[in-house]
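This report describes one protein chain, part by part. Look at the sequence and the structure first, then read on.

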Amino acid sequence: MRHLPTYPYYLLLCLLYLLLPSSNANIDSWYYAACVKHSENLINSHHLLFNVFGRIFYVTLHTIYKGTDALHALFIMNALAAAVSLLYFFKILILLKQNKEVAMALTLFCGSCFGFFRFATDAETYILPLSFSLISTYYYIRSTSIASILIASFFSALAVLTHQLHLWWSLAICLHLLINKNIQLSKKIGFIVLQFLIPLSYFIAFKFNQNIQTNFITFILGEYSKGNAGIDVSFNSIILTGINSVRTIFQIHGNIGLLLERYPFVFALVFSSMVYIIFHFHKKNRLNLHMVRKKDASTFSSLFLTAFILHLIFAFVSSGNAEFMVMLPFLAVAYFAGKFEFKSLRPALPLTLCLLIWNLSVGIVPNYFLNFNSTLAQEKMMLDNPKALFLWQNKPLIENRICYKFGFHHPYKFLDYDSLEISLENNAVIYTDIGKTNEPINRQSFFKSPVFKFGTGIKLSKIDSFDNFYGKNYIQLISKP
């Protein structure tokens, strides 16, 4: 058991990232893919260089294979970045003096966590900067030379430039660097000087991007300056932080009940497998966590703890945003790896295997095979009626999918709720899917009442129907009674 080969499991996990891309790419994923495909809006305040990296990667793949799709290019880029993340996390654990078997087992645990797996199979912006932060941390811990510290600083800056969220990880490294008396002054100066790549890159992007019509500070603040994002310290934030902290490790979602109801035999097999794995390993090896506190605990534990706390606080004040928690399992495991010596990987492997089976069964595999966000009927209605107006319940998703297909200057017109009355007065033809009785159980439906309800002065006529995972839904013509 001690010499159980774990490396094939690492390769298998990385292969799953590549083979199971989501069929339910979210709103932002379609937007990034549209930017990459049409080479527009490549510079974004909150993830300055992500679309630039995506465009380079897409063009490279397209040169090799002309049939490359921009969305799937981003899927592949994130899957590869996930593999790099796990590789460097494994190397970090080795530097923290864990043996190879334990280091790989802990790496597999982090790679099986739902938050990481979810974004490794999507086109979102959270995996690539994580890989850069892990590379930076690896070179920082092994900083035997000025070259290592400069490489660490470069990748730390690159992580922030790929997503501002990693400012907190970078800040944790800087704090650790400044208070560590064992690090030479020249290395401290080298690391901090190279961090000025961050404001310099933002200034260059601001100065030479003709599409930016704001001042420099407003550009850096992005959606916060527009009021589309902000600080939220409320009871809902506490609840969502708790839910999403758990969900970052294993998937919990309103869809699980429907999946159990629709595929009972599959889940009977899943549960049986998990129970067998736990009892089998517990009977033979005891699932006790064999770890002891290190006599020479790593001084880098404080770095991981600081980064963990900063990221968790920021996720909390951002309405408990699950997207901002993807790095938390890595930081938590690294903290304990620095403090304790894990004597055996026996407890980790069966629990990690159960975690992987669960997240695949209720999250990743359904997202690959099933379509929870069916918008094909709405898109077809738009293509068949180019002069009409459209009031869609999930306007951002459909708009981004249309932009992906036709570019950002397409002729199709989306209607806002506030413009409905005047559009009816002007005898516009208006279609809607609002009022769907079957829709996803999600964060919005959990905390908020329906966004919009039609008044009595509105006539709705069913024009078309479509099925999604939740049942039959309708597209209706809006008119005056």
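## A residue in helix α4

L80 is located in helix α4. The model is a predicted one. L80 has a relative accessible area of 41%, so it counts as partly exposed.

L80 also belongs to a nonpolar surface patch of about 610 Å², together with Y9, L12, L15, L18, L19 and I76. Two helices, α1 (7–19) and α4 (70–95), each give at least two residues to this patch. The largest share comes from α1, with five residues.

## The chain as a whole

The chain contains 23 helices and seven strands. It has 481 residues, and 49% of them count as buried. Its accessible surface is about 23,200 Å², and carbon and sulfur atoms account for 64% of that area.

## Aromatic pairs

A pair of aromatic rings is described by two values, the distance of the centres and the angle of the planes. Two rings count as a pair if their centres lie within 6.5 Å, and planes over 60 degrees apart make the pair edge-to-face. By this rule there are 34 aromatic pairs. In one of them, the ring centres of W30 and Y404 are 5.2 Å apart and the planes meet at 75°, so this pair is edge-to-face. The pair links distant parts of the chain: W30 is in helix α2 (residues 27–38) and Y404 is in helix α21 (residues 395–406), 374 residues apart. Both W30 and Y404 are buried.

Another pair is made by F469 and Y470, with ring centres 5.4 Å apart and planes at 85°, so it is edge-to-face. Are these two residues buried or exposed? F469 has 5% relative accessibility and therefore counts as buried. Y470, at 11%, counts as buried. Ring pairs also join Y17, F89, F116, F117 and F330 into a cluster.

## Charges over rings

Lysine side chains lie over tyrosine rings in the following two cases. The charged end of K462 sits over the ring of Y474, 4.0 Å from the ring centre. K91 lies over the face of Y88, and here the distance to the ring centre is 5.6 Å.

## Residues in loops

Which residues have a positive phi although they are not glycines? One of them is N41, with a phi of about 50°. N41 lies in the loop between α2 and α3 (50–64). Its relative accessible area is 31%, so N41 is partly exposed. Another is S319, which has a positive phi of about 65°. S319 lies in the loop between α17 (301–317) and α18 (328–339). Buried means under 20% relative accessible area. S319 has 17% relative accessibility, so it counts as buried.

N373 is in the loop between α19 (348–369) and α20 (376–384). With a relative accessible area of 26%, N373 is partly exposed. How far apart are N373 and N468 in sequence and in space? They are 95 residues apart in sequence, and their C-alpha atoms are 7.3 Å apart in space.

Key: Residues numbered from 1 in each chain as written. Predicted model: local features only at pLDDT ≥ 70, side-chain atom pairs only at ≥ 80, totals over all residues. Heavy atoms only, no water. Phe/Tyr/Trp six-rings, centres within 6.5 Å; stacked < 30°, edge-to-face > 60°. Helix = DSSP H or I, 4+ residues; strand = E, 2+ residues; numbered from the N terminus. Buried < 20%, exposed > 50% of the residue type's maximum accessible area, 1.4 Å probe, protein only. Lys NZ or Arg CZ within 6 Å of the ring centre and 35° of its normal. Patch = residues over 30% accessible without salt bridge, like charges linked within 9 Å, V, L, I, M, F, W, Y side chains within 5 Å. Areas by Shrake-Rupley, 256 points an atom, 1.4 Å probe, with all protein chains shown as cover. Salt bridge = Lys/Arg side-chain N within 4 Å of Asp/Glu carboxyl O.
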